[in-house]
Amino acid sequence: MFTRAAKSAKSVPSAERLAFLQRHRHPLFFSPRMEFFWAPSPNDNHSLVELLRQGGVIKSQRVAEAMEKIDRKLFVPDKAYAYMDNPMPIGYNATISAPHMHALCLQLLENHLQPGMHALDVGSGTGYLTSCFAIMVGKEGRVMGVEHIPQLVEQSIENVKASAAAPLLESGRLSFHVVDGRLGWPDEAPYDAIHVGAAASEVPDALLQQLKPGGRMVIPVGDEFQELRVIDKQSDGTLKEWCETSVRYVPLTSRNEQLRC
Ligand code: SAH
């Protein structure tokens, strides 16, 4: 979803690794700190997760387990490229984010996706990340996916039904709704974690209001140049925020505007 430049010597592959990679002509793999190195193109979900772990994007066992359980292939339209670390078009001028972006967001939200917690995924698209959230908060938790393209919501429900998150969908702990995500989903607020999968010009007020004190929001902000912002609501209600990295997401906009592009 975005490109990154080499930053440190840490990103340079060893001679042995380079020889291996040259032999296999592997594509570029991007790590979360804008370093890049050559890495094998995975051909199953387990290898993808391992690659993201080796690249340092996945740092925790819980994130690795959630991504292992939710097979990306079940959520993408073009199965042949399911495990490549790239975003992919899903129709309606939307994309599923690249696996390293999903992993990064899961890492940033991990402490707010503990068993029993509540999460909101705005712009749920394929339902992939929403399902990872549901696995992490478990059967005592609650995850809402909101998305404004009805066909994407229908498809996401079908995707989830085939996945390890199906029981959570059946029990109602995971649900999807057709709605303008800029308004959030007040019925289940406040949320421990809010993720926004599309770039907002400004952080929507409704989402800030629906964030629990002690909760965290991860949201791409900006128009042409965007940054992935992490916003923590302190226990006294004040906000602390920082920019994690530069990104490129589709816009958080009206349905008409999105379909007009
Ligand atoms: N995170 C998802 C999708 C990312 S693409 C995934 O990886 O599969 C961003 C999604 O946001 C698209 O599906 C788009 O339709 C949706 N979107 C954009 N503006 C929206 C809005 N105002 N309300 C709800 N969804 C929106």
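The side chain of Glu147 reaches the backbone nitrogen of Gly125 at 3.0 Å. This is a predicted model, in which local features need pLDDT of at least 70 and side-chain atom pairs count only at pLDDT 80 or more, while totals for chains, interfaces and linings use all residues. Residues are numbered from 1 along each chain as its sequence is written, and side-chain values use heavy atoms, with hydrogens and water left out.

**Chain and confidence**

- The chain has nine helices and 11 strands, taken as DSSP runs (helices: H or I, at least four residues; strands: E, at least two) and numbered from the N terminus.
- Of its 261 residues, 52% count as buried, where buried means under 20% relative accessible area, exposed over 50% and partly exposed in between (1.4 Å probe, protein chains only).
- Mean pLDDT is 89, and 84% of the residues reach 70 or more; pLDDT is the predictor's confidence in each residue, from 0 to 100.
- Over residues 1-36, pLDDT stays under 50. Where pLDDT is low, the predicted coordinates should not be read in detail.

**Around Glu147**

- Glu147 lies in strand β6, which covers residues 142-147.
- Glu147 is buried and has no salt bridge (a side-chain nitrogen of Lys or Arg within 4 Å of a carboxyl oxygen of Asp or Glu).
- The nearest side chain of opposite charge, Arg255, is 7.5 Å away from Glu147; Lys and Arg count as positive and Asp and Glu as negative, with His and the chain ends not counted.
- The Glu147 side chain also reaches the backbone nitrogen of Ile149, at 3.1 Å.
- Beyond four places in sequence, the contacts of Glu147 (heavy atoms within 4.5 Å) include Gly123, Leu152, His177 and Val179.

- Val250 sits in the loop between β11 (239-247) and α9 (255-260), and its relative accessible area of 22% makes Val250 partly exposed.
- Beyond four places in sequence, Val250 is in contact with Asn93, Ala94, Thr95, Ala198 and Ala199.
- The C-alpha atoms of Val250 and Ala200 are separated by 9.1 Å, although the two residues are 50 apart along the chain.
- Asn93 is in the loop between β3 and β4 and is partly exposed at 39% relative accessibility.
- Tyr92, in the loop between β3 (88-91) and β4 (94-96), is partly exposed at 36%.

**Backbone geometry**

- Most residues other than glycine have a negative phi, and most peptide bonds are trans.
- Phi is positive in Tyr92, near 60°, and in Asn93, at about 60°.
- Ala189 and Pro190 are joined by a cis peptide bond with omega of about 5°; Pro190 is in the loop between β7 (174-178) and β8 (191-196).

Terms used
A polar contact is a pair of N or O atoms within 3.5 Å; within protein, one must be able to donate a hydrogen and the other to accept it, and residues adjacent in sequence count only if both atoms are side-chain atoms.
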